[in-house]
Amino acid sequence: MTEERQAVAPRLTERTPSMSAAELAATLVPPRQFDKASLENYRPDPDFPSQTEALERIRAFAGSWKPAAVKGGGLFGRKKPKTTDAAKSGIYLDGGFGVGKTHLLAALWHAAPGPKYFGTFIEYTALIGALGYAGAVKLFTGARFIAIDEFELDDPGDTMLMTRFLGELAAQGTRLAATSNTPPNALGEGRFAASDFLREIQAIADRFDILRIDGVDYRRRDIEGHAAVFPDDAALLTAVEGRVAAGQSITFDDFGELVHHLGTIHPSRYIKIIEGLDAIAVRDVTPLTDQTDALRLVAFVDRVYDAQLQVLASGTPFDEVFAGDMLNGGYRKKYLRAVSRLIASATV
């Protein structure tokens with residue numbers, strides 16, 4: 001495909017965004033598809049009683065906030081009470097992909113008093129990296145509620161960092177909620193020597209009331225086979241041209257160039273790369289063999305899915321992009337989540 005034909009649409013590789021700490025913090029809200037999420041419009045699957053049980057436990061958790069005394073001083077002009085009762089300071093939703101965990105987490109966020117934040121694990125760790133530990137603690141001091149979606153611990157440094165970070169906030173009265181595909185006492189298994197960090201992992205688990213949610217991945221209920229893919233680059237180009245003519249905001253990139261470009265940008269800024277888009281198109285998708293590239297793509301897919309962008313592609317179906325032993329290694333659940341989201345996002 002010539003440069004002239006591919007230039008029918010702008011490219012993601014032309015975008016090199018920067019974001020201040022304040023801008024990063026401002027992004028810590030639920031994805032837009034959960035703008036209306038509530039405990040009332042969550043529909044438990046009757047075939048899985050754990051969903052109804054989780055809903056009732058979360059209702060009780062949401063009803064347990066008490067008005068905070070307004071004081072002078074503090075970042076938000078409030079002084080938070082210490083957590084002195086026997087109740088856990090957080091609630092932890094463990095379950096498979098697409099069973100409604102993020103809906104419940106967003107509903108809890110909407111019901112919570114402010115100041116409050118909602119973000120993925122990687123977004124919080126990225127923000128801590130941007131601000132420094134002390135700066136991040138200062139920013140979140142005074143928060144009534146912090147929601148952490150897709151809680152992940154991929155290395156011992158993150159284990160200790162998040163344990164300490166959440167511990168300081170909980171001690172100030174901040175309440176916590178998290179989702180994950182792995183129970184907290186199993187975090188880190190297969191990725192590093194979890195036994196060497198048992199104390200840190202257990203400290204995280206001890207802060208949460210753990211709820212297991214079973215169910216069927218709703219993103220796969222009406223989807224069979226591979227992620228949708230165009231038969232060749234020419235068909236993909238025709239689709240891109242049609243969307244441009246219809247007034248849609250769409251980008252068009254070579255897969256290899258996009259993967260390389262993602263390596264030049266901090267994952268905390270991926271949200272800015274796709275700002276204002278309706279869809280992205282990627283030509284000549286090929287399987288990845290480098291795990292660093294694969295993990296960057298996972299972070300990018302999370303942002304694309306949260307923004308509810310459609311993905312148009314040619315080449316290898318996106319659900320086959322994680323090659324070799326990747327799906328059998330320590331990051332298996334992370335890759336499977338990305339596959340689930342790519343199947344939901346891909347279209348022709």
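The legends below describe close-up views of a predicted model of one protein chain.

**Figure 1. Overview of the protein chain.** The chain has 348 residues, and 52% of them count as buried. Its secondary structure consists of 13 helices and 8 strands. Among contacts with a separation of 6 or more, 86% link residues 24 or more positions apart.

**Figure 2. The open sheet of 5 strands.** The strand order is β2-β3-β4-β1-β5, and the pairing is parallel. At the edges are β2 (116–120) and β5 (208–213), each of which pairs on one side only. On average, and with direction ignored, neighbouring strands of this sheet are turned by 15 degrees against each other. The parallel pair formed by β2 and β3 (residues 145–149) is held over 5 bridges. Within this pair, Tyr117 has Ile146 of β3 as its bridge partner. Helix α3 (residues 49–62) packs on the sheet and touches β1 (90–95), β3, β4 (175–180) and β5. The direction of α3 makes about 155 degrees with that of β5.

Figure 3. His103 lies in helix α4 (residues 101–111). With a relative accessible area of 17%, His103 falls under the 20% limit and therefore counts as buried. Its side chain reaches the backbone oxygen of Ser38 at 3.1 Å. Residues up to four places away in sequence aside, His103 touches Phe34, Ala37, Ser38, Asn41 and Tyr42. The loop between α4 and β2 contains Pro115. The peptide bond from Gly114 to Pro115 is cis, and its omega is near 0 degrees.

**Figure 4. Helix α5 and the residue that follows.** Helix α5 spans residues 121–131, and its buried residues include Phe121, Glu123, Tyr124 and Thr125. Ala126, Leu127 and Ile128 of α5 are buried as well. Gly132 follows α5 and has a positive phi, near 85 degrees.

Figure 5. His226 is found in the loop between β5 and α9 (233–245). Its relative accessible area is 47%, so His226 is classed as partly exposed. Beyond its neighbours within four places in sequence, His226 is in contact with Pro317, Asp319 and Glu320. The C-alpha atoms of His226 and Phe318 are separated by 7.8 Å, while the two residues are 92 residues apart along the chain.

**Figure 6. The open sheet of 3 strands.** This sheet has the order β6-β7-β8 with parallel pairing. Its edges are β6 and β8 (310–315); each has a single partner strand, so one side of each is left without a neighbour in the sheet. Neighbouring strands of this sheet are turned by 15 degrees against each other on average, again with direction ignored. Parallel strands β6 and β7 are joined by 5 bridges. One of the residues shown is Ile250, whose bridge partner in β7 is Ala279. Helix α10 packs on the sheet, where it touches β6 and β7. Its direction makes about 100 degrees with that of β6.

**Figure 7. The buried side of helix α10.** In α10 (residues 255–262), the buried residues are Phe255, Leu258, Val259, His261 and Leu262. These residues are on the same side of α10, because they cover an arc of only 160 degrees around the axis. In an α-helix there are 3.6 residues a turn, so residues three or four places apart point the same way. The cover over the buried residues of α10 includes β6 (250–254), α11 (270–273), β7 (279–285) and α12 (291–306). Asp254 caps the N-terminal end of α10, with a side-chain oxygen 3.1 Å from the backbone nitrogen of Gly256.

Figure 8. Asp284 is a residue other than glycine, and its phi is positive, near 55 degrees. Asp284 is placed in strand β7. Its relative accessibility is 37%, so Asp284 counts as partly exposed. Gln308, although not a glycine, has a positive phi of about 60 degrees. The location of Gln308 is the loop between α12 and β8. Gln308 is partly exposed because its relative accessible area is 40%.

Definitions and conventions. Residues are numbered from 1 along each chain as its sequence is written. This is a predicted model: local features need pLDDT of at least 70, side-chain atom pairs count only at pLDDT 80 or more; totals for chains, interfaces and linings use all residues. Side-chain values use heavy atoms; hydrogens and water are left out. Helices (H or I, at least four residues) and strands (E, at least two) are DSSP runs, numbered from the N terminus. Buried means under 20% relative accessible area, exposed over 50%, partly exposed in between (1.4 Å probe, protein chains only). Contact means heavy atoms within 4.5 Å. Two strands pair if DSSP finds at least two bridges between them. Axes are lines fitted to C-alpha atoms, for helices over the stretch in contact, and angles run from 0 to 180 degrees between N-to-C directions. The arc is that of the directions from the helix axis to the C-beta atoms. A polar contact is a pair of N or O atoms within 3.5 Å; within protein, one must be able to donate a hydrogen and the other to accept it, and residues adjacent in sequence count only if both atoms are side-chain atoms.
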